[in-house]
Amino acid sequence: MPDFVAGLLENLLTILVTVVLAIPAAIRAGTPLLYGTLGEVYAERSGILNLGMEGMMIMGAVSGFAAAQTTGSAALGILTAALVGGLFALIHAFASITLRVNQVVSGLALTMLGLGISSLMGKQFVGQPLAARLQPLEIPVLSNLPIVGELFFQFDLMVYLSIVLVPVLWFFLYKTRLGITLRSVGENPAAADALGVDVTFVRYAAVVFGGMMAGIGGSYLSISYAPAWIEGMTAGAGWIVVALTIFAMWDPSRALLGAYLFGGVRVLQFRLQPLGISPNLLNMLPYLLTILVLWLSSDQAAKRRIGAPAALMTAYAREER
Amino acid sequence: MNLPSLRIEKRLSSPRWLPAASLTVGLLLALVTVAVIFATLGVDPLTAFQRIFRGGFGSFYGLQETVTKSIPLMLAGVGLTLAFRGRMYNIGAEGQFMIGAIFATGIVRLFPTWPGFLLLPAMFVGGFLGGALWASIPALLKTRFRVDETLTSLMLVYVAYEAVKFLVYGPWRGSDTRGFPITDEFPAAAHIPILPGTRVHYVTLLLAIAAAILVYLLLTRTKLGYEIRVTGENPEAARYAGMDYRKVALLVMLISGGLAGLAGMGEVAGIHFRLRPPEALSPGYGFTAIIVAWLARLNPLAAMLTAFLLGGLLVGGDAIQIALNLPAATVQIFNGVILLFVIASELFNQYRLRLER
């Protein structure tokens, strides 16, 4: 019996150490998820679900890589990815806001389109190493700290930028007039309209912003994480973002924790395998947790407390009010 | 400032030719759009279209491959016409397909010595039950707790993918597979009969055709079908008429999930004769089935035709991959554009666009 306990303790310790050592990798794996989720939180807060996340992210990845490779500038690559992601989101915005078609179907179509176009666009870049790489940011003192420096202060600019965006987007959403307007459109578009808010414009803006963030998140994969273009390299990250947006209960600050948690799952699946933890069962976790959150937040009181956008997935037409 | 703006208004009446016309125009515009995308990306659209068409429909080999790939699309697509008619947005057919494949494989493992006339029917039933079981999760969450079924059914796709991987990499990995993540080959009794000289597992095909006819009859000739249609078109009216929304929702989800599960069973027992990782079992049949259903305007009989067309597109996609050295995902451009134009064209049956100043 004591043998068994000692064995278990040792195993637990190994697992714990593995998890802690995986933190930097989890943050890097979580960064594209964080960009995407911050964008999707804004889109869904305006009432528009965008299941095209995977398509917008992969378009960001391919166009970001293409631009960075041809211009030699990583910054131009990221900028291009944001533009392309935004343009792609515009398709969904037009279909779901102006034409008022089913948001679910239109988003799915966007994902198919993105996967197809990116594979064709990226064909010429397959196998090329990226010349214009992002270097880790050297932060005085902090980066040189033993252990802590290595764990938390050896990232590139895109990681820090995503972290800075979290409080900024949180503040905008909850504490500014425009943020309240955005949320009101996702909550009760008819009331917002009656108060003189241009519902259509706000929704377009939120969806396009979501697409730009998705594009940046995708470009992080091809410009910093890989850094290379690999066909289908988002590998379902867009679907994790859709799950994560719900898991974070449409809140930018919870998106940060969730992104690193889900990023950690992606990293740990390989590292915990030798310790007898099935990578496949681990990979189910994000989706199961999301279903659990959907379930727990299903009753009306909980929905209000959490602040789930009440008008999510419903098109708005003034004459049908 | 008075910019002209696009307005959409409801039609008071619509002529009978309109649905067919708007679908035709939508499809033509979709093809033009795909051609423009191809040309922009440096692929000659005429050559590509020709190769796709010839690949999918231009030879006996292509045609039998098209029929083979249309079987899972037809089963899952027919199920989705029913679900969407009842306003249950089941977008998780891909996951239900996977669980159907797992259940069918499980039955082979449980009764490996049964003769074919017992084993195959048991596998068909198992496949259906597996898919229905998987669909029952979003269905019950919807009917009991009002949890949106679109998102839960989608999330369960990825859980199902991991479940298949878990089994083929772990406990179900075969003893003589040279390290490949696959199960052992099924005994001959568990192979669905195949038309000689083809890959068409015709028993599943007949089941798919029967399913299309039965779902059509259910929708048009029965009281239950009437309730499904009313609930789908006008939930408020259905409630006033005393119809049981939960019953309808649960039923359409179980049937659509079950048919997707049958599709998964057909693939493992008619094509692969073993369970393989998800990406080897399905090039996204469950998602393509959404296009099958929508393109058929949610008519189960028409879904037979649209499944055949989209099956041909898949085969044609393989053809351009080889002949023009294009990536396999190229056909996804067709899928995405067609889906967008089909749902947009549907809109013009009820609404008209007007430019206002």
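Which helix of chain B is B:Ala211 found in? B:Ala211 sits in helix α7 (residues 202–221) of chain B, with helices (H or I, at least four residues) taken as DSSP runs and numbered from the N terminus. All of these views come from a predicted model, where local features need pLDDT of at least 70, side-chain atom pairs count only at pLDDT 80 or more, and totals for chains, interfaces and linings use all residues. Residues are numbered from 1 along each chain as its sequence is written, while chains are lettered from A and ligands numbered from 1 in the order in which they are written.

View 1. B:Ala211 has 24 C-beta neighbours inside 10 Å, so it counts as buried (20 or more other C-beta atoms within 10 Å of a residue's own, C-beta atoms being placed from the backbone). Skip the residues up to four places away in sequence, and B:Ala211 touches B:Leu75, B:Val78 and B:Leu259; contact here means C-beta atoms, placed from the backbone, within 7 Å. B:Met74 is 137 residues away along the chain, yet its C-alpha atom is 9.0 Å from that of B:Ala211.

**View 2. Helices α3 and α12 of chain B, packed together.** Here α3 (residues 60–85) and α12 (residues 285–295) have axes 8 Å apart, at an angle of about 60°; axes are lines fitted to C-alpha atoms over the stretch in contact, and angles run from 0 to 180 degrees between N-to-C directions. That makes α3(B) and α12(B) oblique to each other, the label for angles that are not under 35 degrees (roughly parallel), over 145 (roughly antiparallel) or 65 to 115 (roughly perpendicular). Their crossing is right-handed, meaning the near helix is turned clockwise from the far one by less than a right angle. Look for B:Leu73, B:Ala76 and B:Leu80 among the α3(B) residues, and B:Tyr285, B:Ala289 and B:Ile290 among those of α12(B). By class, this contact has ten nonpolar, four polar and no charged residues (Ala, Val, Leu, Ile, Met, Phe, Trp, Tyr, Cys and Pro are nonpolar, Asp, Glu, Lys and Arg charged, the others, Gly among them, polar).

**View 3. B:Ala76 in the largest nonpolar core.** This core runs to 218 residues, and B:Leu75, B:Ala76 and B:Leu339 have the most contacts inside it; a nonpolar core is a set of buried Ala, Val, Leu, Ile, Met, Phe, Trp, Tyr and Cys residues joined through C-beta atoms within 7 Å. Helix α10 (residues 245–272) of chain B gives the most to the core, with 15 residues. Beyond four places in sequence, B:Ala76 touches residues including B:Ala93, B:Phe97, B:Leu259 and B:Ala263.

**View 4. A:Leu34 in helix α2 (residues 23–45) of chain A.** A:Leu34 counts as buried because it has 30 C-beta neighbours inside 10 Å. Leaving aside neighbours within four places in sequence, its contacts are A:Ser162, A:Ala255, A:Leu256 and A:Ala259. A:Gly217 lies 183 residues apart from A:Leu34 along the chain, with 7.5 Å between their C-alpha atoms.

**View 5. Where chain A touches chain B.** Here 39 residues of chain A are in contact with 41 residues of chain B. On the chain A side, α4 (74–98), α5 (103–121), α11 (237–247) and α13 (279–296) each supply at least two residues. The most come from α5(A), with 14 residues. Sorted by class, this side has 24 nonpolar, twelve polar and three charged residues.

Terms used:
Two residues are in contact if their C-beta atoms, placed from the backbone, lie within 7 Å. A residue is buried if 20 or more other C-beta atoms lie within 10 Å of its own, exposed if 12 or fewer, and partly exposed in between; C-beta atoms are placed from the backbone.
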